[in-house]
Amino acid sequence: MSGIIGKKIGMTSMYDENGRSVPCTLIQAGPCVVTQVKSEDTDGYTAVQLAYGERKEKNTPAALKGHFKKSGTAPKRVVVEFRDFKEEFEGQVELGKEIRVNEVFAEGDFVDAIGVSKGKGFQGVVKRHGFGGVGQATHGQHNRMRAPGSIGGASYPSRVFKGMRMAGQTGNSRVQVLNLKVMKLMPDENVIVVSGSVPGAKNSTVILEK
Amino acid sequence: MSELIKKFEAETKGEAKSFPDFKPGDTVNVSVKIREGNKERTQNFQGTVIQRKNPGTVGETFTVRKISSGIGVQRIFPITSPNIEKIEVVRKGKVRRARLNYLKGRQGKAARIKEKI
């Protein structure tokens with residue numbers, strides 16, 4: 001699986017070949033630096049570790065400084081490992097090699113996007129799980145309009161089943177969106193445009209995989 | 001908005017079509033490309049412009065309303081759409097507001113708009 005790391009820029013729309021308006025997301029992707037190459041002999045599996053983003057020297061832990069020094073690059077903000085990186089890169093990836101977005105993806109490809117969704121805080125069941133709420137403001141409801149209702153029987157099973165949907169932290173979790181079409185590549189700006197939306201806020205890190 | 005988004009929009013917009021200036025209240029004739037199977041033909045939609053939304057952006061749309069065999073029909077066109085071939089201003093209207101939603105409940109004589117001379 002090959003991929004690249006990037007940063008979400010924002011959304012807009014474009015027209016496809018049929019003249020339909022397609023919502024799309026711009027992602028500033030790469031250039032990424034290869035910081036480690038894992039092989040069957042040394043690690044038991046093959047993978048490539050990429051790094052992206054700027055990071056100040058003084059904010060980098062010493063251990064990471066040493067890690068980046070091995071590949072001869074400045075400290076980076078995000079480090080992601082891709083297992084079984086694209087075959088055509090096999091044997092070509094070496095430490096410190098710069099990987100650009102147009103080398104990994106082409107227009108018309110379908111990619112998966114991974115990001116951290118926007119945090120919504122502690123939310124009730126209506127927002128979190130789409131419960132309907134009570135639906136009536138009168139007939140005895142005075143503070144129960146968004147309550148979850150019954151969570152199980154009292155005599156049997158006399159416990160709450162595991163996985164019962166309740167209120168809790170919403171968002172701020174790793175989310176993967178599958179099969180976004182690559183609408184356009186802008187190699188000069190290192191920008192990739194994919195159809196649809198991508199989890200996370202603007203300027204948040206996005207991992208694209210193929 | 002990010003500079004990169006602006007650049008992307010400028011790149012994908014295609015060649016700028018120059019449409020005549022039209023406003024809510026004007027009667028326009030819009031030529032739209034329609035694809036039926038493999039064939040492509042042009043269809044005209046003539047009616048009154050009742051609003052223009054998000055002017056100055058690539059997402060700008062305008063709404064055209066007409067009465068077709070006694071039934072009110074409204075169509076929303078994205079102004080940057082490649083399917084719009086031509087917009088022709090048939091008549092300039094004199095109106096005092098930007099959104100002519102009051103036309104929706106009216107028919108015949110009540111839905112007249114004065115001509116701007």
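Reader: Which residues are exposed on the other side of helix 1 of chain B?

Author: Happy to start there, keeping in mind that this is a predicted model. The buried residues of this helix, which spans residues 3-12, are Leu4(B), Ile5(B), Phe8(B) and Glu9(B). They cover an arc of only 135 degrees around the axis, which puts them on the same side of helix 1 of chain B. On the other side of the helix, the exposed residues are Glu3(B) and Ala10(B).

Reader: Which strands of chain A do the buried residues of helix 1 of chain B pack against?

Author: Let's begin with the spacing: an α-helix has 3.6 residues a turn, so residues three or four places apart point the same way. In helix 1 of chain B, the buried set is Leu4(B), Ile5(B), Phe8(B) and Glu9(B). The partners of these residues in chain A are strand 1 (3-15), strand 2 (21-29), strand 10 (174-186) and strand 11 (191-195).

Reader: Which residues meet in a salt bridge between chain A and chain B?

Author: Between these chains the count is one salt bridge, alongside five residue pairs in polar contact. The salt bridge has an N to O distance of 2.2 Å. Its two side chains belong to Lys7(B) and Glu189(A).

Reader: Now for chain B as a whole: what pattern does chain B follow along the sequence?

Author: Chain B has 117 residues, of which 32% count as buried. Its C-alpha atoms fill a box of roughly 50 × 40 × 25 Å along the principal axes. The chain has one helix and seven strands. Read along the sequence, the pattern is α-β-β-β-β-β-β-β.

Reader: Is Asp26(B) buried or exposed?

Author: Asp26(B) forms a salt bridge with Lys92(B), at 3.5 Å from N to O. The pair links distant parts of the chain, 66 residues apart: Lys92(B) lies in the loop between strand 5 and strand 6 of chain B, and Asp26(B) in the loop between helix 1 and strand 1. Lys92(B) is partly exposed, with a relative accessible area of 32%. For Asp26(B) the relative accessibility is 1%, and since anything under 20% is classed this way, Asp26(B) counts as buried.

Reader: How many residues apart are Lys38(A) and Glu81(A)?

Author: These two form a salt bridge, with the closest N and O atoms 2.8 Å apart. Lys38(A) sits in strand 3 and Glu81(A) in strand 5 of chain A, so the pair is described as linking distant parts of the chain, being separated by 43 residues.

Reader: How many salt bridges does the structure hold over all chains?

Author: One of them joins Asp21(B) and Lys23(B), whose closest N and O atoms are 3.7 Å apart. Another is the pair of Lys38(A) and Glu81(A). Over all chains, the total is eleven.

Conventions: Residues numbered from 1 in each chain as written. Chains lettered and ligands numbered in written order. Predicted model: local features only at pLDDT ≥ 70, side-chain atom pairs only at ≥ 80, totals over all residues. Heavy atoms only, no water. Buried < 20%, exposed > 50% of the residue type's maximum accessible area, 1.4 Å probe, protein only. Helix = DSSP H or I, 4+ residues; strand = E, 2+ residues; numbered from the N terminus. Arc of directions from axis to C-beta. Contact = heavy atoms within 4.5 Å. Salt bridge = Lys/Arg side-chain N within 4 Å of Asp/Glu carboxyl O. Polar contact = N/O pair within 3.5 Å; in protein donor to acceptor, adjacent residues only side chain to side chain.
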